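Hi everyone, thanks for coming. Let's take a short walk through a structure that may be new to you.

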Amino acid sequence: MATHAPNDLANWWMPFTDNRYFKSNPRLLAAARDMHYTTADGRRILDGTAGLWCVNAGHGREPIVKAIQQQAATLDFAPTFQLGHPLAFQLAAKLAGIMPEGLDRIFFTNSGSESVDTALKIALAYWRARGQGQRTRLIGRERGYHGVGFGGISVGGILANRRVFGPGLPGVDHLPHTHDARNLFTRGQPAHGAELADRLEALIALHGADTIAAVIVEPLAGSTGVLVPPQGYLERLRAITAQHGILLIFDEVISGFGRLGAATAAERFGVTPDLICLAKGLTNAAVPMGAVAAARHVHDAIVDAPGDVPGIELFHGYTYSAHALACAAGIASLDVYASEGLFARARSLEDTWAEAIHSLAGLPHVVDIRNFGLVAAIELAPRPDAPGVRGQAIFRALFDAGVLIRVSGDTIALSPPLIISPAQIDEIRSALDAGLRQLA
Ligand SMILES: Cc1ncc(COP(=O)(O)O)c(C=O)c1O
């Protein structure tokens, strides 16, 4: 096992990291297996976050490791512009098989951010192909996270991710977020807030439906601190978009692959969008990969249209779209999910999970708890003088106690691998209980 710490931490400019703090207080992960990481100094850490919401089947799973090893020795890379390789078609068929009915055309990317930009571009190309090229407006939502591309930060609604990066895409507007003080400490879907979807009617009245290409939302908002959709909210959003012929995009980069107890949030909530953005769990995070699942009518409108230039229908793609190693990892991951029934397992653990997390209500600083599927958030009151400091403090305390959690500001977000046992759920609960009692 590689447990040697590097001598020099200066060169790597780390993403979404307090680089100055980290480099004087490094935390290095050196190995991982099933539910645990091992640090470079040999400590075991229970993974309460599936890495970054992505290692849904747990770490180092043998069928996935073997598939990648074998593929690397057989076909390392094949161009996918005007050429193909068998695994890409196999994975597309397998993935289409677990998408909602009709969303069976798959475009491969390498990350969630790329999936979002791809879906937005498909929406624009769709309207152009249908002779309505004036439909260029994109509607996102406050507090939304859609990755870090210029498209994603434009439709996204997390201020820190946009603030220093200029004006972003033109012609973007936002729905209100769905956090509602009437819903505090709700288990599962909150009762209040379906009417927030009606704000889309106001945006349509303002801009005109015939200028709007698509609405993009996370069905369950993850990175902002876990906002569960109010009962009836997604249904209303679907009804309004359908009524006005606007495409609906679900960004399921987090909510896909069993996180909510079904293959997709669309399936779990019974609401079918026109496009679904995927990544993370697609390969169990063993090789970077994303995908967009498109409804047949969206795909066909573009692929069957005469097009501006003869030949290629959609001038879009990445060198590594459908990379052979990622396809091998994807096929093996979907097989593990199916053979171990992990999506159903997440569903069956949901009540145990909710019970454990909601038992933390009443502890110091806890102002809200939210849960759905195998996701939960514990929101802490920020220190008035120093927002975010409590979040960092609890993250560090839990890491030192052997449990990995994630924090977004002062909100703790939890999303363990779907193989977690009830005893490990209790281990997370009791570590949080102890940590919160000691938090200043
Ligand atoms: C909903 C959503 N969309 C997009 C992304 C971006 O994915 P990536 O970091 O792979 O680009 C994320 C990442 O957390 C996400 O949660």
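Before anything else, a word on terms: two strands pair if DSSP finds at least two bridges between them. Helices (H or I, at least four residues) and strands (E, at least two) are DSSP runs, numbered from the N terminus. Please keep in mind that this is a predicted model, where local features need pLDDT of at least 70, side-chain atom pairs count only at pLDDT 80 or more, and totals for chains, interfaces and linings use all residues. Residues are numbered from 1 along each chain as its sequence is written.

Let's start with the sheet. Strands β1 (residues 29-33) and β2 (residues 36-39) are antiparallel, paired over 4 bridges. Leu 29, for example, has Thr 39 of β2 as its bridge partner. The two strands make a hairpin with 2 residues between them, and Asp 34 in that turn has a positive phi of about 55 degrees.

Taken together, the open sheet has 4 strands in the order β1-β2-β3-β13, with mixed pairing. β1 and β13 (403-404) are at the edges with a single partner strand each, so one side of each has no neighbour in the sheet.

Now, the ligand. Around the ligand there are 14 residues, counted as near if the C-beta atom, placed from the backbone, lies within 6 Å. Among the closest are Ser 111, Gly 112 and Val 253. Helix α5 (residues 112-129) gives the most to this shell, with 3 residues.
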